[in-house]
Amino acid sequence: MSRSEVVPLLDHVGAVVAAAIGRARPELAGADAVLRRSTHADFQSNAALALGKRLGVRPAELATSVAAALSADDGVLEQVEVSGPGFLNIAVSDRAIWEQVAVRVSDARLGVTATEYGRRTVIDYSAPNIAKEMHVGHLRTTIIGDSLARVLEFLGAEVIRQNHLGDWGTQFGMLIQYLDEQPDARWRHDELSGAESTVSALDELYRAARAAFDADAEFADRARARVVALQSGDAVTLDRWCAIVAESERAFGAIYRRLGVLLTPEDSVGESFYNPMLADTIDALVTAGIAVDSAGALVVFSDDVRGPDDRPVPLMVRKSDGGYGYDSTDMATIRYRIATLRADRLLYVTDSRQALHFRLVFEAARRAGWLTDGVDAEHIAYGTVLGPDGTPFKTRAGGTVRLLDLLDDAVGRARAVVYEKNPDLPAAVVDEIAEQAGIGAVKYADLSTSRVKDYTFDLDRMVALNGNTAVYLQYAHARIRSILRKAGEGAYVIDPGVGLEPAERALALALDAYGAAVTEVGATLEPHRLCGYLYDLARDFTAFYDGCPVLSSARPVRDNRLALCLLTARTLEHGLGLLGIAAPERM
């Protein structure tokens, strides 16, 4: 893959300042420049504050000596001033900024370095249950996981997506038996009307099977026998189970395609896949002396976590009846992903309520010698989607919100906004834009919130044309594309000798920070940081466009400004793409 070698101005200036610190005071060679963007200049270095204290000299005196050492820089710096107690305010030359824009606009990666190059990363997300509707509870894991997979893949990681489907257990024996006894039941996609969902039909049939199980002792016995048949590999029962899994995956795939999520059937690795590994996995824990008997069950008592009774918290790897549960499957899963998939990094995108569970799983895997120092395992926790009343989002009747219904509502609301903005657009165009805007609105509202926090699902706010929303960013991108269409196709040759207006400078420096924003997401696994960057970039572009005429300017100013427009459009489109959000050409 291509690995960009574009050096951001922040990094370049930081290196120049760090070298100057070493020249001014050799004993400080290698010190960090502590450089950041500033409202007082292009960049500000705070290094002298801490370093002066370490040397026992006034920070302002040290800053002055560093400024003097910067006088022989490589031509990038325009002005250096000492301010306050010892800050260095640094302005970059107009030429250096234009040259940086020229390099970025011609770079396929927009100047983003592949900081995760070659890192084999397994990311576990979405994980719906077979024969069950996907609902609002699947929204965050699916959207956050997809965005992180996109970002890490772009940064060079070898990403292995894993959709850990809930496809095994006693409920399937019950459902299969009920289907056999209800030959007229319609649940396959070719038996249903276009408006009906396979998983909706299966979900309703499961509820009926559950009711029959509870009310009819003879049916319950037949259902239990069917569980045994499934677990022992009975061909007829397995065929019916495979059909249920296939129909469910078909329905999930339709939702993934609508969401623009990159999961495919090849990424699905359900609980059933690990079933043959469970006994050997538990035997390995027993042999290692980690799993011990507790009232007939096998458990791994934590060395790190104690419960309210001040006793070690257990991870139950085999039940007292000899059965296996989620703890058992997750131990087999982590062992497989390390030993067979050869993962360098394991990411589990699940809600924050599972934090203790994964802490225990990771600890047990370390004690077993599977999870070594060479492998990172992280629980990517997230908060809850709330309704207007501040409680978990439900339907008006108090039920779980179906994901398809939620998406339909968002698209409908976006359609109204698009039509109001452009009532003359053809209906088909309105529908296409509304789909992109509505889906994007839902995804961006989720991703723009710090993932560990809860957020309120508010469609009116999500589809607003103003504020930190996907629609605002999509509209900004569409507006820039409109400018470029009016300008005509072609390369815009940048003249680095043209002076910069303040709004041009602000926009160019914001564009120069794109790589830092993306790599920060790769390091912190927090997509909201990229959302914040894109929103600030769109606002910087608005200020630029309001204050700097583009199409009416004469060359070379016109070409320079069109290059800024092009780089902004490409950056917005690429950044939205990393979030899994479309960037329409027209809105």
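Helix H5 (residues 139-154) has 16 residues that should span 22 Å at 1.5 Å a residue, and its end C-alpha atoms lie 23 Å apart, which agrees; the expected span is 1.5 Å times one less than the number of residues. This is a predicted model, in which local features need pLDDT of at least 70 and side-chain atom pairs count only at pLDDT 80 or more, whereas totals for chains, interfaces and linings use all residues. Residues are numbered from 1 along each chain as its sequence is written, and side-chain values use heavy atoms, with hydrogens and water left out. The protein chain holds 21 helices and 13 strands; helices (H or I, at least four residues) and strands (E, at least two) are DSSP runs numbered from the N terminus.

**Overall chain**

- Along the principal axes, the C-alpha atoms of the protein chain fill a box of roughly 90 × 65 × 45 Å.
- Of the 587 residues in the protein chain, 52% are buried; buried means under 20% relative accessible area, exposed over 50%, and partly exposed in between, with a 1.4 Å probe and protein chains only.
- Among contacts between residues at least 6 apart in sequence, 74% join residues at least 24 apart, a contact being heavy atoms within 4.5 Å.

**Helix H5 and its surroundings**

- Helix H5 is mostly covered, with 15 of its 16 residues buried.
- Gly156 follows H5 and has a positive phi near 105°.
- The axes of H5 and helix H21 (residues 557-578) come within 8 Å and cross at roughly 125°; axes are lines fitted to C-alpha atoms, for helices over the stretch in contact, and angles run from 0 to 180 degrees between N-to-C directions.
- H5 and H21 are therefore oblique to each other, given that angles under 35 degrees count as roughly parallel, over 145 as roughly antiparallel, 65 to 115 as roughly perpendicular and the rest as oblique.
- On the H5 side, the contact is made by Ser147, Arg150, Val151 and Phe154, and on the H21 side by His574, Gly577 and Leu578.
- Glu116 is found in the loop between helix H4 (94-105) and strand E5 (120-124), and Glu116 is buried at a relative accessible area of 9%.
- Leaving aside residues up to four places away in sequence, Glu116 touches Leu152, Leu155, Gly156, Ala157, Arg345 and Gly522.

**Sheet E7-E8-E9**

- Three strands form an open, antiparallel sheet in the order E7-E8-E9; two strands pair if DSSP finds at least two bridges between them.
- Strand E7 (291-294) and strand E9 (312-318) stand at the edges with a single partner strand each, so one side of each is left without a neighbour in the sheet.
- On average, neighbouring strands of this sheet are turned by 50° against each other, direction ignored.
- Strand E8 (residues 297-306) is joined to E9 by five bridges in an antiparallel arrangement, and Leu298 stands opposite Arg318 in E9.
- E8 and E9 form a hairpin with five residues between them, and Asp310 in the turn has a positive phi of about 65°.
- Helix H13 (residues 355-367) lies across E8 and E9 and runs at about 100° to E8.

**Sheet E1-E2-E4-E3**

- Four strands form a further open sheet with antiparallel pairing, in the order E1-E2-E4-E3.
- The edges are strand E1 (35-37) and strand E3 (77-83), each with a single partner strand, so one side of each is left without a neighbour in the sheet.
- From one strand to the next, the twist averages 25°.
- Three bridges pair E1 with strand E2 (residues 43-45) in the antiparallel sense, and Arg37 stands opposite Phe43 in E2.
- Helix H3 (residues 59-69) lies across E3 and strand E4 (87-92), running at about 165° to E3.

**Cysteines and Glu204**

- A search of the whole structure finds zero disulfides, a disulfide being a pair of cysteine sulfur atoms within 2.5 Å.
- Cys242 is partly exposed at a relative accessible area of 39%, whereas Cys531 counts as buried at 0% relative accessibility.
- Glu204 is placed in helix H7 (residues 198-215) and is exposed, with a relative accessible area of 58%.
- Glu204 and Lys132 are 72 residues apart along the chain, and their C-alpha atoms are separated by 8.9 Å.
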